[in-house]
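Please consult the sequence and the model shown below while reading.

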Amino acid sequence: MEKKNREKLRKGLEILLFAAYLVTLCYFLFFAENLGRTFTEREYHYNLMPLKEIKRFWVYRDTLGFWSVALNLFGNVAAFLPFGAFLPRLFEKCRRFLLTTLFCFEFSLCVESIQLIWKVGSFDVDDILLNTLGGILGYWLYRFFMHLTKNGTQKELKQGGRNEKKKS
């Protein structure tokens with residue numbers, strides 16, 4: 001197989017994986033009944049005070065239980081790790097840290113807004129913070145793994161890190 005065809009196939013598989021990730025993420029964010037995503041309550045739930053829910057989960061961690069705390073705090077971070085890793089891999093402009101961070105924030109804000117409008121889950125600024133942190137960690141994992149590969153040490157790393165200031 002020619003190098004060009006292999007590259008197209010690899011890119012197509014990456015896009016397919018990203019799409020599968022987004023579909024799975026949307027299921028868990030909007031439809032998973034075991035995560036409280038039901039349409040039965042139909043009330044607005046929101047938190048606009050930064051760190052309020054994170055603090056509540058931490059203070060009452062013994063009462064709430066390990067799994068509830070882990071799902072809320074670490075689950076929000078883990079859910080957006082792939083988002084932060086896929087963006088720079090698939091889109092050249094997203095190899096810049098600030099742009100990837102902005103897209104992670106915007107996507108999380110959209111998710112939280114949809115949850116509020118549809119009355120599924122709740123709009124929580126802490127979730128936006130945790131999701132954005134997950135995207136940032138995903139970006140840095142991407143950078144780390146690109147640094148370990150031959151391809152990553154050349155073109156992709158130059159576009160994201162040291163030369164970012166020169167392009168801005």
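The model is predicted: local features require pLDDT of at least 70 and side-chain atom pairs count only at pLDDT 80 or more, whereas totals for chains, interfaces and linings use all residues. Residues are numbered from 1 along each chain as its sequence is written, and side-chain values use heavy atoms, with hydrogens and water left out.

**Overall fold**

- The protein chain contains eight helices and two strands, taken as DSSP runs (H or I of at least four residues for helices, E of at least two for strands) numbered from the N terminus.
- Along the sequence, these elements follow the order α-β-α-α-α-α-β-α-α-α.
- Of the 168 residues in the protein chain, 35% are buried; buried denotes under 20% relative accessible area, exposed over 50%, and partly exposed in between (1.4 Å probe, protein chains only).
- Among contacts (heavy atoms within 4.5 Å) in the protein chain between residues at least 6 apart in sequence, 69% join residues at least 24 apart.

- In helix α2 (residues 52-59), the buried residues are Glu 53, Ile 54 and Phe 57.
- These residues lie on the same side of α2 because they cover an arc of only 105° around the axis, the arc being that of the directions from the helix axis to the C-beta atoms.
- Exposed residues Lys 55 and Trp 58 are carried on the face of α2 turned away from its buried side.
- The packing partners of the buried α2 residues are β1 (46-47), α3 (61-64), α4 (66-90), β2 (123-124) and α6 (125-148).

**The α1–α5 pair**

- Helix α1 (residues 3-31) packs with helix α5 (residues 97-118) at an angle of about 40°, their axes being 10 Å apart; axes are lines fitted to C-alpha atoms over the stretch in contact, and angles run from 0 to 180 degrees between N-to-C directions.
- Leu 22, Leu 25, Leu 29, Phe 30 and Phe 31 of α1 meet Phe 107, Val 111, Ile 114, Gln 115 and Trp 118 of α5.
- By class, this contact of α1 with α5 comprises nine nonpolar, one polar and no charged residues.

**Cysteines**

- The structure has zero disulfides, a disulfide being a pair of cysteine sulfur atoms within 2.5 Å.
- For Cys 104, the closest cysteine sulfur is that of Cys 94, 8.3 Å away and therefore too far for a bond.
- Cys 104 is buried, at 0% relative accessibility, whereas Cys 110 is partly exposed, with a relative accessible area of 45%.

Note on methods. Ala, Val, Leu, Ile, Met, Phe, Trp, Tyr, Cys and Pro count as nonpolar, Asp, Glu, Lys and Arg as charged, and the others, Gly among them, as polar.
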